[in-house]
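Welcome to a short tour of the model on your screen. Keep the sequence open beside the 3D view, and let's walk through a few places together.

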Amino acid sequence: MISNFGLDDRHVAHRERVRKFCDEQIRPVVDDYEERGEFPLDVVDELGEAGLYGINVPEEYGGAGLDFRSFVVTVEELARVWKIPAGVVSLSCSLFANTIEKYGTDWQREEWLRGLFTDNGVAAISLTEPQAGSDASAIETTATRDGDEYVIDGHKVWTSHGAVADIVLVVARTGDDGTHDDVSIIAVPEPHDRDGFEIVRDIPCMEGDAVVESEIAYDGLRVPTDYLLGEEGQGFRYIMEALDIGRIGAAAQAVGISQGAFDECISFADEREAFGRSIRQFQGVSFKLADMQMGIDASRLLTYRAASALDRGADRVTQPAAMAKTFASDTAMDVTTEAVQIHGSRGYSRDYPLERYMREAKGIQIYEGTNEVNRHVIAKNLYE
Ligand SMILES: Cc1cc2nc3c(=O)[nH]c(=O)nc-3n(C[C@H](O)[C@H](O)[C@H](O)COP(=O)(O)OP(=O)(O)OC[C@H]3O[C@@H](n4cnc5c(N)ncnc54)[C@H](O)[C@@H]3O)c2cc1C
């Protein structure tokens with residue numbers, strides 16, 4: 001039995017640490033937060049206090065300074081118990097941290113990267129608009145220069161964590177030629193303290209009420225021009241690069257959800273009896289378990305492969321990241337659907353976590369590029 005999947009002893013020790021934290025600090029409180037519909041800011045704080053937040057962020061910026069395999073192991077272990085904190089770590093350490101680390105100035109890294117991971121803050125990325133989802137180049141939000149300020153106007157949807165964010169990276173047009181080349185990324189720290197930033201609503205969604213998916217109106221919001229990230233007109237390229245890393249985080253979320261659902265099935269199929277024997281003795285059940293195990297192992301291998309490429313210094317990981325995200329999230333959807341089935345009526349009830357895992361898995365087939373769009377990416381790369 002392969003157990004380490006290319007991880008070394010340090011990763012295995014790290015996994016044990018995160019697992020212990022999840023079992024002791026997160027597992028006992030999940031149902032409570034979910035029932036109250038409360039976003040777990042306290043859990044994010046506890047993760048930070050335990051040194052488990054800015055996993056791959058350099059220590060000088062308040063992170064743990066570990067590698068990308070440690071990042072995926074962390075996200076995976078969190079999602080095995082609850083996806084919301086896994087999503088926070090995933091987004092903050094990938095889309096947010098990598099973009100600031102790579103394209104920010106020294107001042108921006110010190111202020112925003114160090115600020116976020118020292119204070120255990122929450123980051124958000126505001127890209128998607130009602131008319132611009134898969135086709136991100138159709139965004140209409142503008143950031144217009146006015147002296148030494150940008151004035152941001154537009155309407156964004158599905159900004160994860162927007163309503164609780166300490167900083168939002170807004171993707172907007174700084175020119176008017178309507179192409180990729182006039183898209184830029186502008187940081188908006190402390191958005192809630194600024195005029196022109198309005199949370200229109202929390203989008204009610206399949207995952208439940210504890211998760212925060214915000215619809216946001218930017219109406220004449222002003223920030224200094226030195227809140228621009230990198231160069232004007234390069235934002236589309238930056239966000240596509242960031243999505244590569246984000247997809248590895250999304251893949252790790254999917255692996256964790258699959259594993260969490262599978263763990264429940266293994267014990268349930270052994271203990272639950274029907275027709276005088278445990279249900280795992282029926283081939284109809286045991287073949288499902290075998291398929292689940294194969295899918296999870298393959299997802300994990302693809303995810304670790306993509307993270308290893310980053311650890312070896314690869315500049316772009318578009319292909320392995322898209323493959324890992326797509327395969328792992330499709331697998332998570334299959335695994336969680338079958339996990340509900342194996343549990344029968346119990347799987348359908350909220351007394352067990354299976355229906356939650358199934359709802360959590362569905363989102364990952366949609367965000368960080370839908371799996372259809374990711375298949376386009378994979379197919380295009382076959383000829384490049
Ligand atoms: C839980 C969740 C969290 C999210 N978090 C964020 C976030 O933090 N920040 C942010 O900016 N956005 C976020 N999003 C938005 C997400 O990125 C978009 O939903 C996604 O890009 C798809 O866009 P859309 O929903 O407009 O669907 P559409 O683009 O309208 O797609 C509709 C359908 O058409 C298919 N389709 C579209 N184009 C093609 C094509 N060329 N070939 C084949 N099929 C195609 C899609 O795959 C999909 O099945 C989040 C979404 C969800 C569900």
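## Ground rules

Contact here means heavy atoms within 4.5 Å. Helices (H or I, at least four residues) and strands (E, at least two) are DSSP runs, numbered from the N terminus.

This is a predicted model, in which local features need pLDDT of at least 70 and side-chain atom pairs count only at pLDDT 80 or more, while totals for chains, interfaces and linings use all residues. Residues are numbered from 1 along each chain as its sequence is written, and side-chain values use heavy atoms, with hydrogens and water left out.

## Helix 4 against helix 8

Two packed helices are described by the angle between their axes and the distance between the axes. For helix 4 (residues 68–81) and helix 8 (residues 283–311), the axes cross at roughly 145° and come within 8 Å. The axes are lines fitted to C-alpha atoms, for helices over the stretch in contact, and the angles run from 0 to 180 degrees between N-to-C directions.

On the helix 4 side, Phe-68, Arg-69, Val-72, Val-73 and Glu-76 take part. Their partners in helix 8 are Arg-300, Thr-303, Tyr-304, Ala-307, Ser-308, Leu-310 and Asp-311. By class, this contact of helix 4 with helix 8 has six nonpolar, two polar and four charged residues. In this scheme Ala, Val, Leu, Ile, Met, Phe, Trp, Tyr, Cys and Pro count as nonpolar, Asp, Glu, Lys and Arg as charged, and the others, Gly among them, as polar.

## Around the ligand

Which residues are closest to the ligand? They are Thr-128, Ser-134, Trp-158, Thr-370 and Glu-372, out of 13 residues that surround the ligand (each with a heavy atom within 4 Å of it).

Now for the polar contacts (pairs of N or O atoms within 3.5 Å; within protein, one must be able to donate a hydrogen and the other to accept it, and residues adjacent in sequence count only if both atoms are side-chain atoms). An N or O atom in the side chain of Ser-134 is 2.6 Å from an oxygen atom of the ligand. Glu-372 places a polar side-chain atom 2.7 Å from a ligand oxygen atom, and His-376 has one 2.9 Å from a nitrogen atom of the ligand. Taken alone, the ligand exposes 970 Å², and the protein buries 63% of that. These accessible areas come from the Shrake-Rupley method with a 1.4 Å probe; for residues, only the protein chains shown count as cover.

## Buried positions in the helices

Buried means under 20% relative accessible area, exposed over 50%, and partly exposed in between (1.4 Å probe, protein chains only). Helix 11 (residues 354–364) is largely enclosed by the rest of the structure, because eight of its eleven residues are buried. Among them are Leu-354, Tyr-357 and Ile-364.

Gln-253 sits in helix 7 (residues 235–271) and counts as buried because its relative accessibility is 2%. Beyond its neighbours within four places in sequence, Gln-253 is in contact with residues including Val-75, Ala-79 and Ile-364. In helix 12 (residues 371–381) we find Asn-374, which is buried at 0% relative accessibility. Setting aside neighbours within four places in sequence, the contacts of Asn-374 include Arg-247, Lys-325 and Glu-368.

## Two positive phi values

Glu-368 lies in the loop between helix 11 and helix 12. Its phi is near 55°, a positive value in a residue other than glycine, and Glu-368 counts as buried at 13% relative accessibility.

His-161, in the loop between strand 3 (149–160) and strand 4 (167–173), has a positive phi of about 70° although it is not a glycine. His-161 is also buried, with 5% relative accessibility.
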